Amino acid sequence: MKKILVINGPNLNMLGKRKEVHYGSLTLDIINAKMITLAKELDLSLTFYQSNVEGDLVSTIHTGMDFDGLMINAGAYTHYSYAIADALEILDIPKIEVHLSNIHARESFRSNSVIASSCTGQISGFKENSYILALYALKNLLKD
Ligand code: DQA
């Protein structure tokens with residue numbers, strides 16, 4: 001079974017309390033539960049990690065060496081963390097950048113992702129379904 005690492009960065013542990021218009025109303029635990037249901041169907045195993053600390057996110061990305069694929073919502077670090085971008089660049093596995101909101105349709109600072117060029121692709125703007133779509137994308141990239 002292929003192994004997927006699901007990483008969430010700062011403030012994503014507060015989903016459910018953040019602005020619904022951008023992030024929807026579901027908690028991270030509920031989103032993760034939806035992903036587990038789909039992962040069973042797709043025959044993928046999921047490992048979840050969330051941190052508000054940049055260095056801890058970098059160290060967890062390094063563990064991606066032991067996984068077949070990864071998805072990451074780096075939160076606000078998306079827009080300025082070269083450390084996270086560099087860590088992602090090390091990994092030679094499919095890597096999907098995920099955002100609940102459409103980062104291209106908000107404040108101008110959000111439309112720049114410094115991690116995008118280190119990722120296989122970006123899914124942005126589908127609220128909790130961004131994670132679901134990322135799982136389908138990884139399944140497709142890892143087929144056979
Ligand atoms: C986010 C978008 C970021 O700009 C923001 O800082 C977040 C969440 C999203 O999922 O839409 O914390 O990554």
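This short report walks through the ligand site and the ring contacts of a predicted model.

## Where the ligand sits

Let us start with the ligand, which sits in the largest pocket. Around the ligand you will find Arg18, Tyr23, Asn73, Gly75, Ala76, His79, His99, Leu100, Ser101, Ile103 and Arg110. By residue type, this shell divides into two charged, four nonpolar and five polar residues.

Several members of the shell reach the ligand through polar atoms. Arg110 places a polar side-chain atom 2.8 Å from an oxygen atom of the ligand. For Arg18, a polar side-chain atom lies 3.0 Å from a ligand oxygen atom. Ala76 takes part with its backbone: a polar backbone atom of Ala76 is 3.2 Å from an oxygen atom of the ligand.

How much of the ligand does the protein bury? Taken alone, the ligand exposes 320 Å², and the protein buries 99% of that.

## Charges over rings

## Ring with ring

Finally, how many aromatic pairs does the structure hold? The structure holds one aromatic pair.

Note on methods: Residues are numbered from 1 along each chain as its sequence is written. This is a predicted model: local features need pLDDT of at least 70, side-chain atom pairs count only at pLDDT 80 or more; totals for chains, interfaces and linings use all residues. Side-chain values use heavy atoms; hydrogens and water are left out. Rings of Phe, Tyr and Trp (its six-membered ring) pair if their centres lie within 6.5 Å; planes under 30 degrees apart count as stacked, over 60 as edge-to-face and the rest as tilted. A residue is near a molecule or strand if one of its heavy atoms lies within 4 Å of it. A polar contact is a pair of N or O atoms within 3.5 Å; within protein, one must be able to donate a hydrogen and the other to accept it, and residues adjacent in sequence count only if both atoms are side-chain atoms. Accessible areas come from the Shrake-Rupley method with a 1.4 Å probe; for residues, only the protein chains shown count as cover. On a 1 Å grid over the protein atoms alone, a cavity is a set of points where a 1.4 Å probe fits but cannot get out, and a pocket is an open set with protein on both sides within 12 Å along at least five of seven lines; lining residues have an atom within 4 Å of a point. A molecule sits in a cavity or pocket if more than half of its atoms lie within 2 Å of its grid points. Ala, Val, Leu, Ile, Met, Phe, Trp, Tyr, Cys and Pro count as nonpolar, Asp, Glu, Lys and Arg as charged, and the others, Gly among them, as polar.
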